[in-house]
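Biologist: I am new to this structure and would like to learn how to read it. Could you walk me through it?

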Amino acid sequence: MSSREDRDFVGARVVDPTQGLDAIRTIVVRNGVIAAVRDDAASSSDQTVERIDCAGMILSPGFIDPHVHLREPGDEHKETLASGLAAAAAGGFTAVAAMPNTNPPCDDADAVQRLRAAAALAGSVRCYPVGAVTLGLEGRAIAGLREMAAAGAVAFSDDGSTTSSLKALYHAARLVADLPQPFLSHCDDPSFAGALMHEGAVADMLGVPGDPSLAEAAIAARDLLVAQATGKTWHLCHVSAQETLEVLRWARSRGIKATGEATPHHLQCSEECLRGFSARMRVHPPLRTEQDVDALRDAVRDGTITVFASDHAPHTVEDKELPFAHAAVGFSGLETAVAATFDALGSVSLNTMIENFSTNVAALLGVPGGTLKVGSPADITGLYLDRPWTVDSSAFRSKGRVTPFEGRTFAVRPALTVVAGVVVS
Amino acid sequence: MTKARHLLDLDDATRADLERLVARALDHKRGVADAGQLLHGRMILGMFFEASTRTALSFAVAATRLGAHWLDFSAGSSSLAKGESVEDTMRTVRAIGVDAIVVRHAESGFPYEFARHFDGSVINAGDGRHAHPTQGLLDAMTLVEEFKTLDGRHLVIAGDVAHSRVARSSARAAWLLGAKVTLCGPPLLLPADDPGWGFASLATDLDSVLPTADALMLLRIQKERGDGTELPPFADLSASFGLDERRMAALAPHAIVMHPGPVNRGVEIASQLVSHERRRIERQVENGVFARMAVLESCLTEIR
């Protein structure tokens, strides 16, 4: 008797870095779990089971986005768990990690539990809470990290703002030094809070206060020294500056347990996009120089950057279309992240791309998935590698309709999203 | 920006644009027949979100001399202050019959937002640190009056360059007309890249560049800007980049001194030198009216 979570995915090129697999295979799913990965495409052991024809697709371990803002609770006009998780499914993600800067923020065990329960009702994509490092994300008093971990927080971060107190950050890391949950650092020195874009030639021209690369790299160095002092696993969110990459390389060479992520917009866009006071291109950290874009792409190639993240930050068009200094920062990213990241990194192997979207993220967050090995949850992402499509934000599932990629044509297209054996997109 | 309906900055301006506007400004100074008919009956709205005496007055006189109506807008009690969107405010202003908006705002880029939504003409009267294009034009006009052609001439702009919209616009205008421009200040207050803004030389020692200057422009120190982490105290700048008797004597005999005003006496210019014969400060103010007449005429003839 077949269940709702029984299904055969037939005819795809299956790529799983954890098994060194890249071949035409059938993925057999029973009870939401991978039961077999077979090369006998024609036959099925059970003719009553639904067969999904995946010819022409790549099937890989489900993609996990470690950095999204789902806005619920508090800013449901920008995004809800339902719209955000639908966007994730459409974008090829089987799981997301939700950043804590909601209103109220996710800074105690109750908030973690509420988010998990609400997300389970709102959508099929898995949603992992990230707990705040400090109460109210205020950078001062340490939040209840251990109770949040027990309630299901997969990581800790004051994302959106840098934990301003070194003392609080250091003590927070020591508090949970025995737990596996990593810290995720948004690196931007708080004294540059008034900056509106990257400090460089374009900001000079526009007469706009700038945020120097130094403001990111200095905090990255500070935080990775905390990692060294406490032995914690540390992850640098949305790295934007080549100086920060140098800091990350230094830390890794010293044996500090450090990783870094890149976003599609930092891999694609520079400060040049801000000319003419293009307020909708404002984002934190800011789009930097062409050299930084190149350095970030190189850092993926040389393995300094091992994680991709969308930093999905939906806002209403009204919030983005304001005078330059007042426009909300960030982009709707879930539905373009896969395509735009592949587009930026043409020479990177498919194996590495899948590791960075899936395997490495699962390892970082300590969550299931990241593999198609027998016995794993059947979280699967299907892609077409060459099925060009044009970004049209009016078709987004997300409520956020502002993207730096409007009108761009990309070759890679998410084709199938499977969570626990269920086709969710 | 040839014959554009907006004047937001000089970033896309060509030498021909500048020459045309300066020539027209000089025409107006000499007197144009029936100037009062050129914009007869047109409505020009001044929206000064930041305090201004000379620029607002100068625009008002320029508009009046061209036959237009100058309307003063009280920014503090506006619908914008009540939370109305820029787009809706712009539609309303246009529907009421305003042809052009002259806008000043403390934030860089604010006039761009008006221009995105306003069907008429938007003229920037100074936005944050970004641009003050009519000041650039009046300074170019003053230099052309003095030297005929700016080819081969050397303009030194000294002081707090980084926070100055005047520096950005006046430097570009002079450079477009052929002058060599040197920006002089402490490294913190200069553009990070050399050449600055893509065209200007940078110097940190005023005394070394003074002897080759044909014109020295001193910038007002923007004490109202920043939180103390972006600017040194007055005295620190005044000693290194202010004009005193010794520096006045180091200038070439024909060199002139300019300042966009208002002057912080004893800071950018020693008090006793404010009325020195080299100064062109009142000439700049006087020329401002004619430069703005040229701009209003040019922009407003591009819209119905």
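Modeller: Gladly. Two residues are in contact if their C-beta atoms, placed from the backbone, lie within 7 Å. This is a predicted model, in which local features need pLDDT of at least 70, side-chain atom pairs count only at pLDDT 80 or more, and totals for chains, interfaces and linings use all residues. Residues are numbered from 1 along each chain as its sequence is written, while chains are lettered from A and ligands numbered from 1 in the order in which they are written.

Biologist: How many residues of chain B are in contact with chain A?

Modeller: 17 residues of chain B touch twelve residues of chain A. Helices (H or I, at least four residues) and strands (E, at least two) are DSSP runs, numbered from the N terminus. On the side of chain B that touches chain A, helix 4 (110-117) and helix 6 of chain B each give two or more residues, and helix 4 of chain B gives the most, with three.

Biologist: What classes of residue make up that side of chain B?

Modeller: Ala, Val, Leu, Ile, Met, Phe, Trp, Tyr, Cys and Pro count as nonpolar, Asp, Glu, Lys and Arg as charged, and the others, Gly among them, as polar. The side of chain B that touches chain A has six nonpolar, four polar and seven charged residues.

Biologist: How do I read two packed helices?

Modeller: They are described by the angle between their axes and the distance between the axes. Axes are lines fitted to C-alpha atoms, for helices over the stretch in contact, and angles run from 0 to 180 degrees between N-to-C directions. The axes of helix 5 (residues 133-147) and helix 6 (residues 165-176) of chain B come within 8 Å and cross at roughly 45 degrees. Helix 5 of chain B and helix 6 of chain B are therefore oblique to each other; angles under 35 degrees count as roughly parallel, over 145 as roughly antiparallel, 65 to 115 as roughly perpendicular and the rest as oblique. Among the residues that meet are B:Leu137 in helix 5 and B:Ala173 in helix 6 of chain B.

Biologist: And which strands form the sheet in chain B?

Modeller: Two strands pair if DSSP finds at least two bridges between them. In chain B, five strands make an open sheet in the order 7-6-5-8-9, with parallel pairing. Strand 7 (201-203) and strand 9 (256-258) of chain B are the edge strands, each pairing on one side only. Strand 5 (residues 154-158) and strand 8 (residues 215-218) of chain B share four bridges, and B:Ile157 stands opposite B:Met217. Helix 6 of chain B lies across strand 5, strand 6 (180-184) and strand 8 of chain B.
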